[in-house]
Amino acid sequence: MLEVRNLDASYGEVPVLSQVHLEVPEGAVVSVVGTNGAGKTTLMKTILGVETQSAGEILYRGENIARWPTDRRVEAGIVMVPEGRRLFAGMTVRENLEMGCYTPRARKHRKESLERVFTLLPKLKERERQPAGSLSGGEQQMVALGRALMARPTLLLLDEPTLGLAPIMVRWVFEFIRELKEQGLTILLVEQNAATALRLSDRGYILTGGRVAAEGSGEDLLHRPDLRQVYMGL
Ligand SMILES: Nc1ncnc2c1ncn2[C@@H]1O[C@H](COP(=O)(O)OP(=O)(O)O)[C@@H](O)[C@H]1O
Ligand SMILES: [Mg+2]
């Protein structure tokens, strides 16, 4: 579904990614793991086409989208749940969810998507009229995930979805990712909990200093002795 080739990315004059390659097959969960500052968020932003300048190819369903504006990528089904969730704290849960439907395609399916999100995340139905800022961290992450689903993704980019959450909510997020995969969604995941992420991933990439340092099946990477200590704290 997604194939990145020879990708360089920078913020103005500051280079971050260098010759990155990556493949996300349809229906797979693929993880990108790496220490702080490795370029994981930059990779996701570049796939979505926000903030960075890039060179190289980003093939999505066989088309090079590297020069497409962001809204066209979202309309084509690439949707990101950003690091830190970025909700509108003063707006209600429902209003936040509806913010996810900003492309014409998503707007057309608004009612149906909202029903689906409330079925998948019943807690949000209970909290529908509350300001998002009054929710717990875990519930806010549910809103961020729900908002992304409102955009009707084909490829979902999840940037550190468990960051700052209580252990029980961390487990919930991973279960939810599994559930989305079972429903046929393709997922690119960036995670601090590298071992857990790789365990549920079909494929993984280790990013170091903006380059791919290792890649393989989730299981292979999990068992590489050279990677276990540095990236997985095992
Ligand atoms: N908006 C920005 N402008 C300039 N440099 C940035 C910006 N965002 C991130 N960087 C730099 O890019 C590098 C990679 O950052 P990032 O992609 O956020 O890493 P990660 O998500 O792996 O922690 C870091 O050196 C960071 O300081
Ligand atoms: Mg990051």
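This is a predicted model: local features need pLDDT of at least 70, side-chain atom pairs count only at pLDDT 80 or more; totals for chains, interfaces and linings use all residues.
A second bridge partner in β5 is Asn-64, which goes with Leu-59. Together, β4 and β5 (residues 63-64) pair in the antiparallel sense over two bridges. The hairpin they make has two residues between the strands, and there Arg-61 takes a positive phi near 50 degrees.

Strand β1 (residues 2-11) and β4 pair in the antiparallel sense over seven bridges. To find one of the pairs on your screen, look for Asp-8, whose bridge partner in β4 is Ala-55. Strands of a sheet pair through backbone hydrogen bonds, either parallel or antiparallel. Here, four strands form an open sheet in the order β2-β1-β4-β5, with antiparallel pairing. Its edge strands, β2 and β5, each pair on one side only. A helix lies against this sheet: α1 packs on it and touches β1, β2 and β4, and the direction of α1 makes about 75 degrees with that of β2.

Gly-56 is found in strand β4. Apart from its neighbours within four places in sequence, Gly-56 is in contact with Arg-5, Asn-6, Leu-7, Asp-8 and Ala-66. For a sense of distance, compare Gly-56 with Thr-119: they are 63 residues apart along the chain, and their C-alpha atoms are separated by 40 Å.

Next, turn to ligand 1. Which residues surround ligand 1? They are Tyr-11, Val-14, Val-16, Gly-34, Asn-36, Gly-37, Ala-38, Gly-39, Lys-40, Thr-41, Thr-42 and Glu-51. By type, this shell divides into four nonpolar, six polar and two charged residues. Both β2 (14-24) and α1 (40-48) supply at least two residues of the shell. The largest share, three residues, comes from α1.

One member of the shell deserves a second look. Glu-51, which is among the residues around ligand 1, lies in the loop between α1 and β4 (53-60). Its phi is positive, about 70 degrees, although Glu-51 is not a glycine. Back in strand β2 we find Gln-19, another residue that is not a glycine but has a positive phi, of about 55 degrees. How exposed are these two? Glu-51 counts as partly exposed because it has 13 C-beta neighbours inside 10 Å. Gln-19 has 13 C-beta neighbours inside 10 Å, so Gln-19 counts as partly exposed too.

There is another sheet to explore. Six strands form an open sheet in the order β6-β7-β8-β3-β9-β10, and the pairing is mixed. At its edges are β6 (78-81) and β10 (211-216), each of which pairs on one side only. From one strand to the next, the twist averages 20 degrees. At one end of the order, strand β9 (residues 203-208) and β10 pair in the antiparallel sense over five bridges. There, Thr-208 stands opposite Arg-211 in β10. This sheet has a helix packed on it as well: α8 (residues 167-182) touches β3 (29-33), β7 (155-159) and β8 (186-190), and its direction makes about 155 degrees with that of β8.

Our last stop is helix α7 (residues 137-150). Its 14 residues reach 20 Å from the first C-alpha to the last, close to the 20 Å expected at 1.5 Å a residue. An α-helix has 3.6 residues a turn, so residues three or four places apart point the same way. How many residues of α7 are buried? Eleven of the 14 are, and the helix is mostly covered. Among these buried residues are Gln-140, Met-142, Leu-145, Arg-147 and Met-150. After α7 comes Arg-152, whose phi is positive, near 55 degrees.

Terms used:
Residues are numbered from 1 along each chain as its sequence is written. Chains are lettered from A and ligands numbered from 1 in the order in which they are written. A residue is near a molecule or strand if its C-beta atom, placed from the backbone, lies within 6 Å of it. Ala, Val, Leu, Ile, Met, Phe, Trp, Tyr, Cys and Pro count as nonpolar, Asp, Glu, Lys and Arg as charged, and the others, Gly among them, as polar. Two strands pair if DSSP finds at least two bridges between them. Axes are lines fitted to C-alpha atoms, for helices over the stretch in contact, and angles run from 0 to 180 degrees between N-to-C directions. Two residues are in contact if their C-beta atoms, placed from the backbone, lie within 7 Å. The expected span of a helix is 1.5 Å times one less than its number of residues. A residue is buried if 20 or more other C-beta atoms lie within 10 Å of its own, exposed if 12 or fewer, and partly exposed in between; C-beta atoms are placed from the backbone.
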